[in-house]
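Let's take a walk through a protein model together, one piece at a time. Keep the structure open beside you and find each part as we get to it.

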Amino acid sequence: MMLLENSIVEPSSSDIQWFPERAIFLGMDKAGCAVFMPLLTQTKGPERVSMTALQNALEEGTLTVFSTVRPALKEPDSLSNAAKKEYDAWEPHFRALLAGERRDELLEAEGRKRTIAAIMEATKRPNIAVRRMLYKILRAGRHLYGICNDFSGRGAPGVKQEPGTNKRGRKPLAGGIAAERPASDFRARIEAAVQERVITNGEKIPVAFRKMTATDFSRTTTAPNGKVKTVLLPEAQRPTLKQFRAIAEDIQHRGLKRTRLNAAMARPGTAKDGVLGPGFRYEIDATGGQLELVSEFDLDQAIGPANAYGLLDVWLTVCVGGAMGVFNAGYNAAQVALFNTFTSKKELCERWDIDIDDEVWPCHHVPRYITSDRGELVSDASEALPTEFNIILQTAAPYVPQMKGSIEGWFSGLKSGDIRKLVGFGRKMGRTQRDPKHDAALTRYDAMRAFLLLAIKYNHQAAPKSAIPPQMIEQGYEQISRIALWQWGMRNLMLCARIEERGYIYTSLLRKTDASIRDNGLFVEGVKYMSPEIRSSGLLQRAAKYGAIAVEATIDDFLGNTIWFRTDMDAPWQPAFLADEKLRIYNASFRELVEYNRKVKNVHERSKIAGAAYELDTEKKLLDISNAAVERKRQQLTKPKSRSHKNVRAARAADAQNERREHGAAVVQSYAASNPAKVAGKKPEAAGPQAAVSQSRLDLVKSAFMKNGG
């Protein structure tokens with residue numbers, strides 16, 4: 001079987017070692033050997049094969065001829081400006097070599113050596129550049145088309161590339177990302193992302209690549225329950241970091257500002273020394289959020305910056321809880337952050353109108369150690385915390401933030417990230433700078449929602465490479481975020497944390513104080529409480545007989561309508577409710593109730609003092625009345641009168657009639673004084689005959705029933 005020039009031959013079996021893999025037949029050299037140019041390797045030159053062995057292999061079928069002519073896949077006129085410029089630079093030097101007798105010189109090793117030296121002298125290009133260009137021309141069948149950049153001929157030789165087979169170069173290793181589409185399909189979007197994020201914003205290439213992937217290569221899906229979720233496209237349909245980096249560096253090499261910098265190597269710290277696993281040690285701290293807020297009751301009224309409390313699991317620096325609001329640093333605010341940490345995050349997010357699943361933020365465990373400074377967990381209010389939860393508190397030294405490096409670093413990243421995009425963020429640094437409080441529009445509700453979203457985003461970032469254990473790779477994990485690694489650690493490492501019931505967490509975090517049960521209720525710092533358990537337990541009767549009974553109470557300083565008490569250290573906490581029903585409707589805090597009772601007591605005491613003065617004055621006046629009556633009687637009576645019942649009744653009737661007449665006259669007089677228009681122009685009438693008759697009748701009654709002897 002005779003081979004034609006530019007025939008493509010491939011061995012039918014990999015056992016044939018004497019023939020190159022897939023090659024194009026260039027012709028025969030002066031020694032009578034066949035010259036083949038390998039097609040699958042860019043750096044290999046022509047190889048000589050015995051003609052006899054070639055004929056035998058073709059007859060036996062161990063070599064297969066695929067095609068006789070390799071079609072041109074690129075025309076010089078269809079090249080880009082840069083590729084056309086490169087073609088024009090090489091074309092004059094190779095055109096003369098591909099015509100006439102000089103064409104066969106390329107089949108000889110000495111001829112190729114002389115050709116490379118001559119072109120090097122003419123173009124001033126290095127040896128490797130000239131040799132590779134010559135090999136490209138030979139792979140094209142000794143044709144000038146080899147100078148053209150071939151972007152579409154990436155399939156088998158002579159076969160146009162099929163969709164989905166554009167991957168070029170070495171195949172990805174096991175676990176690598178295999179893209180089904182070439183970078184040219186994404187080039188426009190990649191160039192736009194590089195220009196915006198790398199060149200303009202100064203972001204590092206990996207960061208810009210991740211943001212572009214999340215923005216341009218994702219889709220929005222709606223679950224049957226109406227939940228909207230953003231899902232990334234499959235990896236095979238997305239560009240790879242290598243493709244993004246190649247295009248980014250190509251743009252930077254064109255003369256644009258190069259922004260890719262080597263990241264500073266972080267020095268290993270000692271925060272994780274002795275940490276056995278997730279839930280072993282948490283760090284808690286507070287920071288000023290630099291986020292100006294407005295009142296939820298008056299959106300024009302600024303109320304100052306928000307403050308934040310955060311808790312991090314030191315084993316993997318996963319955010320396990322926290323809070324953001326208008327509170328000040330102290331145990332009252334730390335109590336809220338700890339409660340949010342130890343309870344379900346799904347319920348916490350639902351309270352702030354954020355819909356997540358339990359696996360998105362599964363942290364609701366009580367740790368073995370908690371590290372804090374002296375601002376929140378060193379106080380009388382928190383002294384019962386270690387006993388209630390059986391945890392160990394570690395207090396950092398003053399002015400040594402390195403002892404809480406994990407939470408300090410997280411706060412630094414929090415305040416330098418997406419929170420800067422919120423309205424009202426910042427701090428006025430100079431007189432000419434606009435004060436952020438003038439732009440404030442967020443309320444404490446918005447601040448807490450932003451805090452939760454930023455914490456979830458942080459937890460779903462890629463886990464540090466140094467923290468990924470070999471076991472997860474062996475188990476086939478393809479994506480390992482911080483929260484995924486934390487969950488794996490909870491299942492596979494030493495379990496250092498535990499889960500407590502929500503009510504137990506709430507009551508254990510509250511401030512403890514002494515209380516007493518008296519015969520009329522439970523009194524906590526002067527505030528009276530009552531509950532069905534107190535009434536039915538007989539404690540009121542025992543207190544009435546033997547005196548007040550000392551008990552322990554736990555108080556929610558933010559909600560005073562309910563407190564919890566127990567009569568013994570081993571007894572469960574029992575709720576008691578505010579006894580004054582009129583005060584319940586105000587839903588006041590416990591501090592407000594204590595302050596109210598204090599003010600009521602002071603007002604009551606002042607009123608009693610003022611009442612004592614009135615009592616003394618009234619007592620004197622009553623005594624004067626009594627003495628004057630005795631003196632008047634003594635002067636009127638000359639001899640004693642009989643005291644028959646008939647005389648008493650008649651005298652009482654005369655006084656009652658006179659009392660009614662006086663009352664009627666007083667009413668008429670007050671009516672005339674309040675309505676002068678209705679009696680205007682009328683003068684008081686003189687006593688007429690009727691009045692005289694009435695007076696005479698009254699005098700007759702008096703003379704008949706009040707004379708001496710009756």
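This is a predicted model: local features need pLDDT of at least 70, side-chain atom pairs count only at pLDDT 80 or more; totals for chains, interfaces and linings use all residues.

Start with the whole chain. Its secondary structure comes to 22 helices and 18 strands, and of its 710 residues, 36% count as buried. The chain exposes about 43300 Å², with carbon and sulfur atoms supplying 53% of that. Now look at contacts between residues at least 6 apart in sequence: 61% of them join residues at least 24 apart.

How far does the predictor trust its own work? The mean pLDDT of the chain is 80, and 83% of the residues reach 70 or more. Over residues 165-169, though, the pLDDT is below 50, and this stretch has 13 contacts in the model beyond near neighbours in sequence. Residues 256-267 also have a pLDDT below 50, with 15 contacts counted that way.

Next, go inside. In soluble globular proteins, nonpolar side chains tend to be buried together. Here, the largest nonpolar core has 67 residues, and the ones with the most contacts inside it are L338, W361, W410, L452 and L509. Helix α13, residues 444-459, gives the most to this core, with eight residues.

Helix α5 covers residues 127-139, and at 1.5 Å a residue its 13 residues should span 18 Å; the end C-alpha atoms are 18 Å apart, so the two agree. Which residues of α5 are buried? They are V130, M133, L134, Y135, I137, L138 and R139. An α-helix has 3.6 residues a turn, so residues three or four places apart point the same way. The cover over the buried residues of α5 includes strands β2 (23-28) and β3 (34-38) along with helices α2 (81-95) and α4 (109-123).

Keep following the chain. Just after α5, G141 takes a positive phi of about 80°. R142 has a positive phi too, near 55°, and R142 isn't a glycine. You'll find R142 in the loop between α5 and α6 (183-200). Is R142 buried or exposed? Its relative accessibility is 4%, so R142 counts as buried.

Compare that with E525, which is not a glycine either but has a positive phi of about 55°. E525 sits in the loop between β14 (521-524) and β15 (527-530). Its relative accessible area is 32%, so E525 is partly exposed.

Let's finish with some strands. Strand β16, residues 549-555, is mostly covered, with five of its seven residues buried. β16 pairs with strand β13 (residues 511-518) in the antiparallel sense over seven bridges; look for S516, whose bridge partner in β16 is A550. β16 also pairs in the antiparallel sense with strand β17 (residues 562-566), over three bridges. There, the bridge partner of T554 is W564 in β17. To get from β16 to β17, the chain goes through a hairpin of six residues.

Technical notes. Residues are numbered from 1 along each chain as its sequence is written. Side-chain values use heavy atoms; hydrogens and water are left out. A nonpolar core is a set of buried Ala, Val, Leu, Ile, Met, Phe, Trp, Tyr and Cys residues joined through side-chain atoms within 4.5 Å. Buried means under 20% relative accessible area, exposed over 50%, partly exposed in between (1.4 Å probe, protein chains only). Helices (H or I, at least four residues) and strands (E, at least two) are DSSP runs, numbered from the N terminus. The expected span of a helix is 1.5 Å times one less than its number of residues. Contact means heavy atoms within 4.5 Å. Accessible areas come from the Shrake-Rupley method with a 1.4 Å probe; for residues, only the protein chains shown count as cover. pLDDT is the predictor's confidence in each residue, from 0 to 100. Two strands pair if DSSP finds at least two bridges between them.
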